[in-house]
Amino acid sequence: MIPQPAQYLLRFDDLCPTYSRERWRRFTPLLAEFGIRPILAIVPDNRDPALDWSPPDPAFWDEMRSLEGSGSAIGLHGLQHLCLSRGRGLVPLHRETEFAGVAEETQRVWVREGLAILRGHGLNPAIWVAPRHGFDRATLRVLRGEGIGLVSDGFTRRPFIRDGLTWIPQQLWAPEAKKSGLWTICLHANTAPDSLVKQLRRFLQDRAQQFTSVERIAAGSGPAPLTFAGRMQAQAALLRVRVRTGLSRLRHAE
Ligand SMILES: [Zn+2]
C-alpha cells in the first residue's frame, strides 16, 4: 500500500566524531521541537578526509546515544567512507563506492567491524545506509547474516522486500511536498546551507505530523515485493535522478 497522505522520514548522513558540531547543532533543536525521529547514518571508523571538519568531538557518541534513546534509528554508514571500489551496485548512482564489487568475505569483515564499533559505543545499529548508494547482492547477504534486515535506499514510493531485506526508499535531498508515498529526505549537516535548515523548519511547521520513524515502519504490516509497475516507476525515478546529477556534474565541471 502506498501511504496516503504522504509520510516522510529524515536521514542524516556522514555523522562521525569529526563532524561539524556547530553545523549539526542547527538541526537538533528542530528534532526536539517537532518530535522527529530520524535515521542517524554513522560512519563507524571514518578515514575520509572530506568528513574531517573538526578534531574528534568527545561528546559525539553521547549525543548519538541520547538521540537513539529518543527514538532515532542508528544507520550503519559503511565502515571508513573511503570509496575506492568501482563495482556496479544495485542503485547505480555513483562510480566510486566503498562496498559494491568488493569480495563478499571482505564485505563481511567490514560490516562486522562497523557493527562492533557502533555497538561498542552502546548503539544499536538497525539499518544499512550505503556510502554513495554503493552496495550489491553480496552486501545484502552479509547484512542478512549479521541480523540487519533494513536498508535505506531505492526510488520506490513504499517500502518493499528485495533479497530478503526490507528497503525503505530514499528519494529526496531536500523537503518537498508530496501527495502520497513514503519519502526519505537525506541531509548532510556538514554541508547543508542555512537556507536548507530554514526550509526544513517551514516544512516541519506544516507537516511534522506526517513524519514517521524506522521503528514505526518496521512495526507496520510487512512490505510486499515490488510489482512490475512499482519496479518500472522506481527505474524511471532513478533515471531522472541520474540525469539530474549528471547535468549538475557537467555544470560544476564548467
Ligand atoms: Zn556518506
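This report walks through the fold, the sheet and the core of the protein shown above.

## Overall shape

Please keep in mind that this is a predicted model. The chain folds into eight helices and eight strands. A compact globule of 254 residues would have a radius of gyration near 18 Å, and the 17 Å found for this protein agrees with that. Along the principal axes, its C-alpha trace spans about 50 × 45 × 45 Å.

Of the 254 residues, 36% count as buried. If we look at contacts between residues at least 6 apart in sequence, 76% of them join residues at least 24 apart.

## The sheet

All eight strands of the open sheet can be read off in the order β6-β7-β5-β4-β3-β2-β1-β8, and the pairing is mixed. At the edges stand β6 (160–162) and β8 (182–187); each has a single partner strand, so one side of each is left without a neighbour in the sheet. On average, neighbouring strands are turned by 35 degrees against each other, direction ignored.

Within this sheet, β2 (residues 39–42) and β3 (residues 73–76) run parallel and are joined by four bridges. Here Ile-39 stands opposite Ala-73 of β3. Helix α4 (residues 104–120) packs on the sheet, where it touches β2, β3 and β4 (125–128). The direction of α4 makes about 145 degrees with that of β3.

Phe-12 has Leu-187 of β8 as its bridge partner.

Is β8 mostly covered or mostly open? It is mostly covered, with six of its six residues buried. In a regular strand, side chains alternate between the two faces of the sheet.

## The nonpolar core

Nonpolar side chains tend to be buried together in soluble globular proteins. In this model the largest nonpolar core has 52 residues. Those with the most contacts inside this core are Ile-39, Leu-40, Ile-42, Ile-127 and Trp-128.

Leaving aside residues up to four places away in sequence, Leu-40 touches Phe-12, Leu-15, Met-64, Leu-67, Ser-72, Ile-74 and Gly-75.

Key. Residues numbered from 1 in each chain as written. Predicted model: local features only at pLDDT ≥ 70, side-chain atom pairs only at ≥ 80, totals over all residues. Helix = DSSP H or I, 4+ residues; strand = E, 2+ residues; numbered from the N terminus. Rg over C-alpha atoms; globule rule 2.2 N^0.38 Å. Buried ≥ 20, exposed ≤ 12 C-beta atoms within 10 Å, placed from the backbone. Contact = placed C-beta atoms within 7 Å. Pairing = 2+ DSSP bridges. Axes fitted to C-alpha atoms, helices over the stretch in contact; angles between N-to-C directions. Core = buried A, V, L, I, M, F, W, Y, C linked by C-beta atoms within 7 Å.
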